[in-house]
Amino acid sequence: MTGGGVQSERTERAITLRVRAATPEDIGVIVELRLALIREHRDSRIYGRVRGDAPLRARTLFQSQLRSSSEVTLLAEQQAAIVGILRCIDTAGLPLLDPPRYGYISSVYVRPSARRQGALKALLHEAERWCHLRGLDEMRLHNSVENPVANASWDALGFEIVEHLRVRPVR
């Protein structure tokens, strides 16, 4: 299935959420949500180092991601407003280990006003469906250790910690 064919509707807590694949026409909201995600983590040692020209770079980068056949950007809509985003990439595994490919989840963001209403769960459900249709049987993601709410959400959605990312400056 191509990214354009992904679409589902779910009702969580009496709020109708529609999840669909992003299109090039969505580039403005994609840039907005993904930069909001970065700003939300401005205290992070990694994500706090935003380049001054990030908004300009973002548009070009995200447009190329939308054209890729190996990934999908999903948008959650609630009453015609985009409230969340999730990117899923069909990623090659390490050559000596299984699985040979997996779904890598990134750039997940739900607007604060729409949190705890099922948007993340609906986005992840659609990403899992996309992975399944591509023959992938595992999803992975990285997330910040500084956000206990996000960590609890990922735990509740069945993700377990299996590795730690460490950073050290080159001297």
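User: Hi! How many salt bridges does the structure hold?

Analyst: Hello! This is a predicted model, and the structure holds 11 salt bridges.

User: Which residue forms a salt bridge with Arg-18?

Analyst: That partner is Glu-77, and the closest N and O atoms of the pair are 2.5 Å apart. Because Glu-77 sits in strand E3 and Arg-18 in strand E2 (residues 15-21), the bridge ties together parts that are 59 residues apart in sequence.

User: Are those two buried or exposed?

Analyst: Glu-77 counts as buried, at 13% relative accessibility. Arg-18 is partly exposed, with a relative accessible area of 24%.

User: Which residues are linked with Arg-18 and Glu-77 in a network of salt bridges?

Analyst: Arg-20 and Asp-26 are linked with Arg-18 and Glu-77 in that network.

User: What does Arg-115 meet in a salt bridge?

Analyst: The side chain of Arg-115 meets that of Glu-40, at 2.7 Å from N to O. This pair links distant parts of the chain, with Arg-115 in the loop between E5 and H3 and Glu-40 in helix H1, 75 residues apart. Arg-115 is partly exposed at 33% relative accessibility, and Glu-40 is partly exposed at 35%.

User: Let's switch to helix H4. Which of its residues are buried?

Analyst: The buried residues of H4 are Ala-150, Asn-151 and Trp-154. They cover an arc of only 100° around the axis, so they are on the same side of H4.

User: What covers them, and what is on the face turned away?

Analyst: The cover includes E5, H3 and strand E6 (139-141). The face turned away from the buried side carries the exposed residues Pro-148, Val-149 and Ala-156.

User: What happens at the ends of H4?

Analyst: Asn-147 caps the N-terminal end, with a side-chain oxygen 3.2 Å from the backbone nitrogen of Val-149. Just after H4, Gly-158 takes a positive phi of about 95°.

User: Where do I find Ile-85, and is it buried or exposed?

Analyst: Ile-85 is in strand E4. It counts as buried, at 1% relative accessibility.

User: What does Ile-85 touch?

Analyst: Leaving out residues up to four places away in sequence, Ile-85 touches several residues, including Ile-30, Leu-33, Thr-73, Leu-75, Val-108 and Leu-123. Tyr-109 is one of its contacts too; the C-alpha atoms of Ile-85 and Tyr-109 are separated by 5.4 Å, although the two are 24 residues apart along the chain.

User: How about Leu-37, where is that?

Analyst: Leu-37 is in helix H1 (residues 27-40). It is buried, with a relative accessible area of 18%. Not counting residues up to four places away in sequence, Leu-37 touches Ser-107, Val-108 and Tyr-109.

User: Which residues form the nonpolar patch on the surface?

Analyst: Ile-46, Tyr-47, Leu-165 and Val-167 form it, with about 370 Å² of accessible area together. Val-167 is in the segment after helix H4 (148-156) and counts as partly exposed, at 40% relative accessibility.

User: Now loops. What is found between E3 and E4?

Analyst: Gln-79 and Ala-80 are among the residues in that loop. Phi of Gln-79 is near 50°, a positive value in a residue other than glycine. Ala-80 also has a positive phi, near 70°. Gln-79 is exposed at 76% relative accessibility, and Ala-80 is exposed with a relative accessible area of 78%.

User: Where is the cis peptide bond?

Analyst: It joins Asp-98 and Pro-99, and omega is about 0°. Pro-99 is in the loop between strand E4 (81-92) and E5.

User: Last one: what does the side chain of Gln-117 reach?

Analyst: It makes a polar contact with the side chain of Gln-78 at 2.9 Å, and it reaches the backbone oxygen of Ser-113 at 3.1 Å. Gln-117 lies in the loop between strand E5 (101-110) and helix H3 (119-133). At 19% relative accessibility, Gln-117 counts as buried, because buried means under 20%.

Key
Residues are numbered from 1 along each chain as its sequence is written. This is a predicted model: local features need pLDDT of at least 70, side-chain atom pairs count only at pLDDT 80 or more; totals for chains, interfaces and linings use all residues. Side-chain values use heavy atoms; hydrogens and water are left out. Helices (H or I, at least four residues) and strands (E, at least two) are DSSP runs, numbered from the N terminus. Buried means under 20% relative accessible area, exposed over 50%, partly exposed in between (1.4 Å probe, protein chains only). A polar contact is a pair of N or O atoms within 3.5 Å; within protein, one must be able to donate a hydrogen and the other to accept it, and residues adjacent in sequence count only if both atoms are side-chain atoms. Contact means heavy atoms within 4.5 Å. Patches are made of residues with over 30% relative accessible area and no salt bridge: like charges are joined within 9 Å, nonpolar side chains (Val, Leu, Ile, Met, Phe, Trp, Tyr) within 5 Å. Accessible areas come from the Shrake-Rupley method with a 1.4 Å probe; for residues, only the protein chains shown count as cover. A salt bridge is a side-chain nitrogen of Lys or Arg within 4 Å of a carboxyl oxygen of Asp or Glu. The arc is that of the directions from the helix axis to the C-beta atoms.
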